[in-house]
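I opened this entry to keep track of what I looked up in one structure. The notes follow in the order in which I made them.

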Amino acid sequence: MWTTLSPLIGVGLGGLLQLSGQHFVGRASNRAARRAERLAHLIDFLSAIQEAERVAVDHYHHNAADEQWQARARQIIDKVWVKQKTIHLLCAPDVNEAARSVAFALQRLLREGPDDPGEPKDEKIWAHISPSRREYLDAAHRYLK
């Protein structure tokens, strides 16, 4: 009887091990794909932040204030907020809060200007954004570890 059951038990165990191996490989592959997707969205948000900083520099350092600049400012703030909401959907709460902090700082900067309106204005703009940007980068870094 054992001679008949041994091959069947071996085949059953082999099949079970193969299925569990495929399951673990599939899960690891899904985790890697989700991580890559999140990383792409975190970088997209960072790119939008950088673009908003350039819009602020154009306005406060280079005195751009025409209708074209205003349209560009509205467009980039909308882009920043859409990307922040995507981070809200995909990432941990601390990453989302850091992204919201940067978005609010940029929105405030574009509406009101840097806290210190003195020269050089480009450096004042970067100083205004730097703390919240650094908080976002640190939160994203911790999240991706």
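I began with the accessible surface of the chain, which comes to about 9400 Å², 57% of it belonging to carbon and sulfur atoms. Areas here come from the Shrake-Rupley method with a 1.4 Å probe, and for residues only the protein chains shown count as cover. I noted that this is a predicted model, where local features need pLDDT of at least 70 and side-chain atom pairs count only at pLDDT 80 or more, while totals for chains, interfaces and linings use all residues. Residues are numbered from 1 along each chain as its sequence is written, and side-chain values use heavy atoms, with hydrogens and water left out.

Next I looked up the secondary structure and found 4 helices and 0 strands, in the order α-α-α-α from the N terminus. Helices (H or I, at least four residues) and strands (E, at least two) are DSSP runs, numbered from the N terminus. Of the 145 residues in the chain, 30% are buried (buried is under 20% relative accessible area, exposed over 50%, partly exposed in between, with a 1.4 Å probe and protein chains only).

I then went to the largest nonpolar core, which has 33 residues. Such a core is a set of buried Ala, Val, Leu, Ile, Met, Phe, Trp, Tyr and Cys residues joined through side-chain atoms within 4.5 Å. Leu42, Phe45, Val80, Ile87, Val95, Leu106 and Tyr136 have the most contacts inside it. The elements giving two or more residues to this core are α1 (2-60), α2 (67-90), α3 (93-112) and α4 (121-144). I checked Val95: neighbours within four places in sequence aside, Val95 is in contact (heavy atoms within 4.5 Å) with Leu42, Ile87, Tyr136, Ala139, Ala140 and Tyr143.

How do α2 and α3 pack? I read an angle of about 170°, with the axes 9 Å apart. Axes are lines fitted to C-alpha atoms, for helices over the stretch in contact, and angles run from 0 to 180 degrees between N-to-C directions. The two helices are therefore roughly antiparallel (over 145 degrees).

Last, I looked at two loop residues. Asn63 is in the loop between α1 and α2 and is exposed, at 60% relative accessibility. Asn63 has a positive phi of about 60° although it is not a glycine. Asp115 is in the loop between α3 and α4 and is exposed as well, with a relative accessible area of 68%. From Asp115 to Ile125 I noted 8.4 Å, C-alpha to C-alpha, at 10 residues apart in sequence.

Technical notes
Parallel < 35°, antiparallel > 145°, perpendicular 65-115°, else oblique.
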